[in-house]
Amino acid sequence: MEDITKQKHLSVKEIIAYSLGLFGFQAIVGLLNSYQAEFDASILGAEIGIVGILILVAKILSAVADPIVGGMVDRSKSKLGKFKGMIAYSIVPLLVFTAVVFINVPFKSNRMLTYVWIFVTYLIWSIAMTMGDVPSQGIAAALTPNPTERTNVVSISNTAKQIGFSACVVIVPIVCLIIPEGSKVIVKKGEVDNPMIASEYFWVAVLTAVLGCVLFALIPLINKERVVTESSEKIGIKEMVSALKENKPLMLVIVSYFLGFGRQMSMGIQVQAANALLGSQNLVAVLGIVTAIGSMISMALCPMLIKKLNEKKAYILLSVYGFAASVFSFIVGHFWFGACQTNADWFASPKNSVLTVLFFASLFLIGLQFGAVTLMPMIMTADCVDYYEYETGKRMEGTAYSILTLTIKVCLALGVALGLVFVGFSGYADTVKAIEGGVASGFNAKTKDIIFFAYTAVPGILALLSIIPMFKYDIVGEKKAKISEALGEKRKEN
């Protein structure tokens with residue numbers, strides 16, 4: 001009989017369904033990550049720095065739900081499947097609270113009540129997101145026992161996931177064009193976009209939530225769980241800590257992800273960066289798409305890179321490259337901001353033209369490392385699940401992926417919070433008010449430098465730090481092959 005770890009199990013239909021499901025889910029996550037802080041500041045009148053702190057606290061508190069959801073997944077006896085059942089339960093609350101977060105509340109003149117509303121609604125949304133996030137990530141380890149096939153499907157689906165995370169930069173301008181209330185404001189040096197209005201934010205949220213949840217539902221409808229073992233063990237913080245102690249490779253992956261949390265910062269302040277650097281919120285599409293193209297290319301090439309080097313070497317190489325690309329981009333940006341005061345100056349002279357091209361090219365180069373280093377922890381975690389089963393006889397997808405998703409959420413919150421601190425320190429909010437009042441014509445070089453430093457250099461520096469634990473990670477090469485073969489023999493016997 002052919003080894004099941006080398007057989008093909010996944011159909012094209014399943015790969016597409018899983019990829020579209022992650023695309024839809026991440027479109028919702030990307031919307032909240034990119035636009036919530038700007039909505040809270042511009043529509044609800046909240047201080048952007050305080051919003052960052054509220055997001056961080058809500059994310060940390062909602063992290064309590066990760067082990068609960070992970071435990072529910074591992075103990076599930078749902079007829080849909082241990083992962084698919086939880087995904088199905090998450091869809092309605094995720095849809096509803098995505099829209100609720102962007103409601104223009106009538107009590108926003110009461111600052112304290114507004115902050116309570118922002119915190120509570122975001123906390124509930126975060127818990128709903130966890131209900132879908134843990135099982136949708138964990139199911140990757142259960143779709144196929146073939147590690148090569150698993151690497152390929154994770155690569156394809158995470159490419160779609162990356163595109164989904166940036167989908168809001170396309171959806172937002174479309175909705176803004178459809179809604180007639182939007183207007184222009186004239187300032188001293190020409191015409192610039194007025195900030196988005198409340199109805200635009202709300203209908204963007206509704207459209208994204210509906211489309212995202214419909215696509216997310218494809219995962220439980222179409223995909224099959226092929227590598228599943230039942231567990232009745234309780235999973236809590238204590239059990240997660242114990243699992244990390246017993247699963248050293250997983251602990252290295254998690255520590256590495258924490259050290260590289262700055263990668264999450266860029267998306268968290270992308271709207272503010274587009275406004276300050278390019279002169280318009282709607283140009284966030286330009287800023288995001290340039291980097292996203294690089295990310296998509298890197299994820300598409302990731303299986304080949306892993307085959308050539310292995311996960312550990314690929315991660316280290318791309319992180320070092322990411323540091324160099326980020327620093328280069330910041331230097332180019334610094335000189336570009338000084339040469340171009342308005343959009344009209346971008347190609348006003350040969351020097352400006354060269355700097356403009358270099359600026360956007362550098363963002364593309366940054367993107368070449370983001371996709372793969374975002375993808376690699378997903379593949380490594382699946383390998384760590386196999387390692388743990390090989391060593392103990394127990395399979396811990398729910399626990400492992402609840403730990404990973406908890407880490408991702410906390411790192412995302414840390415990145416957004418730190419990014420918004422930089423934005424607040426830069427004088428961004430005061431400049432926006434001055435532009436709206438016709439007092440200023442744009443952002444000064446200092447504000448641009450601070451925001452762009454947070455957007456590029458800080459993520460690059462932290463990416464370099466993240467490689468330290470990876471030097472001890474060893475579930476690669478012959479050891480990984482040995483584990484896969486042993487588990488394949490075990491499943492044939494069962």
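Me: A crossing is left-handed if the near helix is turned anticlockwise from the far one by less than a right angle, and right-handed if clockwise. What is the hand of the crossing of α14 and α15?

Reply: The model is predicted; local features need pLDDT of at least 70 and side-chain atom pairs pLDDT 80 or more, whereas totals for chains, interfaces and linings use all residues. Residues are numbered from 1 along each chain as its sequence is written, and side-chain values use heavy atoms, leaving out hydrogens and water. Helices here are DSSP runs (H or I, at least four residues) numbered from the N terminus. For α14 with α15, the crossing is right-handed.

Me: Are α14 and α15 roughly parallel or roughly perpendicular?

Reply: Helix α14 (residues 284-309) packs against helix α15 (residues 311-339) with axes 7 Å apart, at an angle of about 115 degrees. Since angles of 65 to 115 degrees count as roughly perpendicular, α14 is, relative to α15, roughly perpendicular.

Me: How many residues of the contact of α14 with α15 are charged?

Reply: From α14, L305, I306 and L309 meet E311, K313, A314, L317 and L318 of α15 (contact: heavy atoms within 4.5 Å). Of the residues in this contact, 6 are nonpolar and none polar, and the number charged is 2.

Me: How are α1 and α8 oriented to each other?

Reply: Helix α1 (residues 12-42) and helix α8 (residues 198-216) have their axes 7 Å apart, at an angle of about 160 degrees. The crossing of this pair is left-handed. Angles over 145 degrees count as roughly antiparallel, and α1 and α8 are therefore roughly antiparallel.

Me: What is the relative accessibility of F422, a ring partner of F453?

Reply: The ring centres of F422 and F453 lie 6.2 Å apart and their planes meet at 50 degrees, so this pair is tilted. F422 lies in helix α17 (residues 397-426) and F453 in helix α19, so parts 31 residues apart in sequence are tied together. F453 is partly exposed at 29%, and F422 counts as partly exposed at 22%.

Key: Axes fitted to C-alpha atoms, helices over the stretch in contact; angles between N-to-C directions. Helix = DSSP H or I, 4+ residues; strand = E, 2+ residues; numbered from the N terminus. Parallel < 35°, antiparallel > 145°, perpendicular 65-115°, else oblique. Nonpolar A, V, L, I, M, F, W, Y, C, P; charged D, E, K, R; others polar. Buried < 20%, exposed > 50% of the residue type's maximum accessible area, 1.4 Å probe, protein only. Phe/Tyr/Trp six-rings, centres within 6.5 Å; stacked < 30°, edge-to-face > 60°.
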